[in-house]
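Please keep the view open as you read.

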Amino acid sequence: MTTNRVPLPRAELADLLTDAAQSVAGILTAEYPTAASRSYLHPVLGALSAGPRVVAELNDRLEELLAEAPPANPAGLFTLASYASALGWLAESFAELTTTVDQIYTRVGIPTDPAEPATRPDHVQPVGGVAFSALDLVAIRSAAEAADLAPDVYVEALSESLLAASRITDACMEISSGLLEDATYVFDEAADHVSIGDGPNSLPTLVRSLLARMQAAE
């Protein structure tokens with residue numbers, strides 16, 4: 001026996017995408033207490049702690065949608081494609097972030113016994129051609145000492161952490177923005193369908209973004 005399910009109205013579909021966009025954007029404001037011994041990871045710890053939870057929540061919501069009201073009309077399928085693309089992109093981004101953090105840990109090692117001062121070089125090389133001021137050097141050496149790392153090693157780890165934070169920030173902003181664009185498009189359509197032709201709105205924003213990234217990588 002087949003049960004006919006009523007498709008979700010466009011307003012609810014748009015709300016689904018909007019809520020997902022807000023959840024993704026919230027990752028960037030998440031805070032996580034950082035011990036002095038791990039201060040070089042501070043730029044990524046908030047996102048690293050919040051991201052997997054958001055991925056799990058979005059995945060659960062997607063499973064609920066497919067179980068309760070699977071999209072069966074163009075607007076619903078458009079929404080599903082946008083949502084699934086966002087979820088996949090977000091999950092991949094956090095897998096990459098986790099790998100980067102693991103690599104940072106591997107590079108700096110997990111301190112056990114404090115090293116002798118004589119074995120810790122005190123010089124700090126400029127990063128990206130930018131030299132540090134006297135105040136910067138004092139702060140770096142203090143933070144490095146608390147983390148039980150040589151200043152150069154600390155700066156390298158912090159630089160990698162900042163780069164990883166920049167990448168996850170860019171990803172979350174693009175995902176959130178794409179979801180909002182698609183939510184607006186779904187909500188503003190005059191009829192309960194969306195374009196499936198060759199125009200710019202024939203595919204969700206994130207699907208088009210992912211296709212463009214794939215073409216650029218070829």
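## Terms and model

A helix axis is a line fitted to C-alpha atoms over the stretch in contact, and angles run from 0 to 180 degrees between N-to-C directions. Helices (H or I, at least four residues) and strands (E, at least two) are DSSP runs, numbered from the N terminus.

This is a predicted model, in which local features need pLDDT of at least 70 and side-chain atom pairs count only at pLDDT 80 or more, while totals for chains, interfaces and linings use all residues. Residues are numbered from 1 along each chain as its sequence is written, and side-chain values use heavy atoms, with hydrogens and water left out.

## The chain as a whole

Let's begin with the overall make-up. The chain has 6 helices and 0 strands, giving the pattern α-α-α-α-α-α along the sequence. Of the 218 residues in the chain, 36% are buried; buried means under 20% relative accessible area, exposed over 50%, and partly exposed in between (1.4 Å probe, protein chains only).

The accessible surface of the chain is about 12300 Å², and carbon and sulfur atoms account for 57% of that surface. These areas come from the Shrake-Rupley method with a 1.4 Å probe, and for residues only the protein chains shown count as cover. Contacts (heavy atoms within 4.5 Å) can also be sorted by separation: among those between residues at least 6 apart in sequence, 80% join residues at least 24 apart.

## H1 and its two partners

Helix H1 (residues 10-27) packs with helix H2 (residues 42-68) at an angle of about 165°, and their axes are 8 Å apart. H1 and H2 are therefore roughly antiparallel to each other; under 35 degrees counts as roughly parallel, over 145 as roughly antiparallel, 65 to 115 as roughly perpendicular and the rest as oblique. The crossing of H1 and H2 is left-handed, a term used if the near helix is turned anticlockwise from the far one by less than a right angle (right-handed if clockwise). From H1, Leu16, Ala20, Ser23, Val24 and Ile27 meet a set of H2 residues that includes Ala47, Gly51, Val54, Leu58 and Arg61. By class, the contact of H1 with H2 has 9 nonpolar, 2 polar and 1 charged residues. Here Ala, Val, Leu, Ile, Met, Phe, Trp, Tyr, Cys and Pro count as nonpolar, Asp, Glu, Lys and Arg as charged, and the others, Gly among them, as polar.

H1 also packs with H5, at an angle of about 165° and with the axes 8 Å apart. H1 and H5 are therefore roughly antiparallel, and H1 passes H5 in a left-handed crossing. Among the H1 residues in this contact are Arg10, Leu13, Leu17, Ala21 and Val24, while the H5 residues include Cys172, Ile175, Leu179, Asp182 and Phe187. The contact of H1 with H5 divides into 16 nonpolar, 2 polar and 3 charged residues.

Ser23 is found in helix H1 and, at 27% relative accessibility, counts as partly exposed. Leaving aside neighbours within four places in sequence, Ser23 is in contact with Val54 and Leu58.

Leu28 lies in the loop between H1 and H2, and its relative accessibility of 33% makes Leu28 partly exposed. Beyond its neighbours within four places in sequence, Leu28 is in contact with Ile168, Thr169, Cys172 and Met173. Leu28 and Gly46, 18 residues apart along the chain, have C-alpha atoms separated by 7.4 Å.

## H3 against H5

The axes of helix H3 (residues 74-108) and helix H5 (residues 151-188) come within 10 Å and cross at roughly 175°. That makes H3 roughly antiparallel to H5. Their contact holds 19 nonpolar, 5 polar and 6 charged residues.

Not counting residues up to four places away in sequence, Ser85 touches Leu206, Val207 and Leu210.

## Around H4

Arg141 lies in helix H4 and is partly exposed at 31% relative accessibility. Arg141 and Asp152 are 11 residues apart in sequence and 9.1 Å apart in space, C-alpha to C-alpha.

Asp148 lies in the loop between helix H4 (134-146) and H5. The phi of Asp148 is near 60°, a positive value in a residue other than glycine.
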